Amino acid sequence: MLKTLKNKKAEGYIDTAVSVMILAFVLIFSVSVISVVVLNQNMKAIADQIVDYATFKGTTAIDSYIDGIKTERGLSFTHSFAGTEWYKSDGRVQLGDEIVCELMYHISILGFGEFVFPITVQTSSSGISQVYWK
C-alpha cells in the first residue's frame, strides 16, 4: 500500500479524480431521490387534509379550499375524487359513503449529465362522509 502511494506515475491522481466524480453523481442522485420521498409524504399529508375537510362538509365541491392549499404550499398538483358515490350531481356525498381524493404532481429530477427523469408523484386518501343530505 505504501509502495503504491509513493508511486509518481499519476495513476493515483486519475483514480482519485474519477472516484470524486462518481461520488458527486451519487450524492446528487441521492438528494434528488430523497426530495421525491419528502414530496410524497407532503402530498399524502395534503390529501389527508383535503379528505378531512371534504368529509366534514359532506361534499367534493371544495375547489376554493383546494386552491387555497395550492397557494399556501406552493404546489400545483391536480386532484380528483374517485370511488365516490354522489347524492346529487353537485358533489354532495351521503352520510356513510366513502370519499376518495387522489392527488398527482409531475416533477423532473436531474440524472447524470443532461439526462432528466420525469416522475409522477401520486397519492390518495379516503374518508367517510359525516353529513346527512335530505
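Let me begin with Arg92, which is buried, with a relative accessible area of 18%; buried stands for under 20% relative accessible area, exposed for over 50%, and partly exposed for what lies in between, with a 1.4 Å probe and protein chains only. Before I continue, please note that this is a predicted model, in which local features need pLDDT of at least 70 and side-chain atom pairs count only at pLDDT 80 or more, while totals for chains, interfaces and linings use all residues. Residues are numbered from 1 along each chain as its sequence is written, and side-chain values use heavy atoms, leaving out hydrogens and water.

Which residue does Arg92 meet in a salt bridge? The partner is Asp90, at 2.9 Å from N to O; a salt bridge requires a side-chain nitrogen of Lys or Arg within 4 Å of a carboxyl oxygen of Asp or Glu. Asp90 itself is partly exposed, with a relative accessible area of 39%.

Searching the whole structure gives two salt bridges. Lys44 is partly exposed at 33%, and Asp48 is partly exposed at 29%.

Helix α2 covers residues 11-57 and also holds Gln41, which counts as exposed at 54% relative accessibility. Gln41 lies 82 residues from Thr123 in sequence, yet their C-alpha atoms are 8.9 Å apart in space.

I turn now to the sheet. Three strands form an open sheet in the order β1-β2-β3, with antiparallel pairing; two strands pair if DSSP finds at least two bridges between them. The edge strands, β1 (78-82) and β3 (116-128), each pair on one side only. Between β1 and β2 there are five bridges in the antiparallel sense, and Thr78 has Met104 of β2 as its bridge partner.

Strand β2 (residues 98-110) also contains Leu110, which is exposed, with a relative accessible area of 55%. Leu110 belongs to a nonpolar surface patch with Met21, Phe25, Ile28 and Val116, and together they have about 460 Å² of accessible area. Helix α2 gives the most to that patch, with three residues.

Thank you for your attention.

Key. Helices (H or I, at least four residues) and strands (E, at least two) are DSSP runs, numbered from the N terminus. Patches are made of residues with over 30% relative accessible area and no salt bridge: like charges are joined within 9 Å, nonpolar side chains (Val, Leu, Ile, Met, Phe, Trp, Tyr) within 5 Å. Accessible areas come from the Shrake-Rupley method with a 1.4 Å probe; for residues, only the protein chains shown count as cover.
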